[in-house]
Amino acid sequence: MIITSLLDTDLYKFTMMQVVLHQFPGAQVEYKFKCRNAGSPGIEPLAPHVNEIREEIRSLCMLRFQDAELAYLRSLRFIKSDFVDFLGLFRLNEKYVSVTALPSGEIEVSIQGPWLHTILFEIPVLAIINEVYFRNTRKLPNYVEGRQRLDTKIALLQAQELSELKIADYGSRRRFGKAWHEEVLRTLTARLGTGAERGGARGGPGQFAGTSNVLFAMKLGLTPLGTMAHEYLQACQALGPRLRDSQVFGFESWAKEYRGDLGIALSDVYGMNAFLRDFDMYFCKLFDGARHDSGDPFQWGERMLAHYLKNRVDPLTKTLIFSDGLTMPKTIELYKQFKGRCLLAFGIGTNLTNDLGYEPLQIVIKMVRCNGQPVAKLSDTPSKNMCDDEKYLAYLRQVFDIV
């Protein structure tokens, strides 16, 4: 059994789920799976493993939150007691998810149902697909190579001039396996030192700021990290008063829920130009910072700093979080460019938790519909776009003036 706890997911699933419970409890959604590098050299078909994936999902749907897990969630300053009470009654329902083998050798995964009851599927289902795939295609994993690569990353970070550079683990969904994920986290904790604050955007002393994975944060005494994901702002396309105001509606609904806490805004659901148009002086001052997840990170950082200055906000009081396909050399390069100009955070995913010398799966599960209406992500990296309705995509581009 791969997933043994419903806490084995990313923190932003709970922070978004709390907003859903309080503000959008009736929303109906649909998610679709995509493997971005299907058919690439070194990537084998997923269809042969479909029955094993289904069995693991069936086991996932048997889980309930344990008392100790609920107590841990209740201890987080931004989690409200009525939400924890709801989670005490919660379980995932297998009827909302289907996994089908396709003639092409790939698989189709569809998740449909109430947002409140489907939001927790994404991360564990992706982790299941990854682990099932790798335990069948790499039966004797090269952990020696993985440890050597991790040692190299840590050695790069331990350079004297990088003593203030902090990294975080964002690798739950694309990890090689659960046991390897835990080993990586224990190694980083022992070798780099950790952040001490529980929750929020930044940790305390040490170079390992924390993890997005709530189970390992609880188990290893790490800081759980995360705020919002693309699906939240995508859903607002159907839930807000009008499409053009959906991004503003999403930020305002978030602020209503958290009152200034968890203040990192995601910047690339409609692209950077649209984000900066909506992220006005009010949001610049209200939110703690922004997260980069597509497009050129160096250009993005410069544009964010210029935007803060334009809105009479001191960039030194704001955090820029980089989380798009980071490697250690790229992280160091970004740190050197922006050090001393703002607060910085770096979330590293696949390159931390699935770097054993094998080609990782580039898999995602994205929301494609909300309340029967198409929703879309128009990323600054076109290959990251995801929408199953081309007419809606064209309309969205027109409404947000996206070239």
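**Strand 8, both faces.** I began with strand 8 (residues 319-322) in this predicted model, and I found both of its faces covered, with Thr319 and Ile321 buried on one side and Leu320 and Phe322 buried on the other. I noted beside this that side chains in a regular strand alternate between the two faces of the sheet.

**Neighbours of strand 8.** Next I looked up which strands pair with strand 8. Strand 7 (residues 289-292) runs parallel to strand 8 and is joined to it by four bridges; within this pairing, I recorded Phe322 of strand 8 as the bridge partner of His292. Strand 9 (residues 343-348) also pairs with strand 8 in the parallel sense, again over four bridges, and here I found Ile321 opposite Ala345 of strand 9.

From strand 8 it passes through helix 15 (residues 328-338) to strand 9, in a β-α-β crossover that is right-handed.

**Helix 1 against helix 4.** Finally I turned to the packing of helix 1 (residues 11-23) on helix 4 (residues 81-89), where the angle is about 95° and the axes lie 10 Å apart. On the helix 1 side, I listed Phe14, Met17, Gln18, Leu21 and His22 as making the contact, and on the helix 4 side Asp82, Phe83, Phe86 and Leu87. Sorted by class, this contact comprises six nonpolar, two polar and one charged residues.

Terms used. Residues numbered from 1 in each chain as written. Predicted model: local features only at pLDDT ≥ 70, side-chain atom pairs only at ≥ 80, totals over all residues. Heavy atoms only, no water. Axes fitted to C-alpha atoms, helices over the stretch in contact; angles between N-to-C directions. Helix = DSSP H or I, 4+ residues; strand = E, 2+ residues; numbered from the N terminus. Contact = heavy atoms within 4.5 Å. Nonpolar A, V, L, I, M, F, W, Y, C, P; charged D, E, K, R; others polar. Buried < 20%, exposed > 50% of the residue type's maximum accessible area, 1.4 Å probe, protein only. Pairing = 2+ DSSP bridges. Right-handed = clockwise from strand over helix to strand, strands pointing away.
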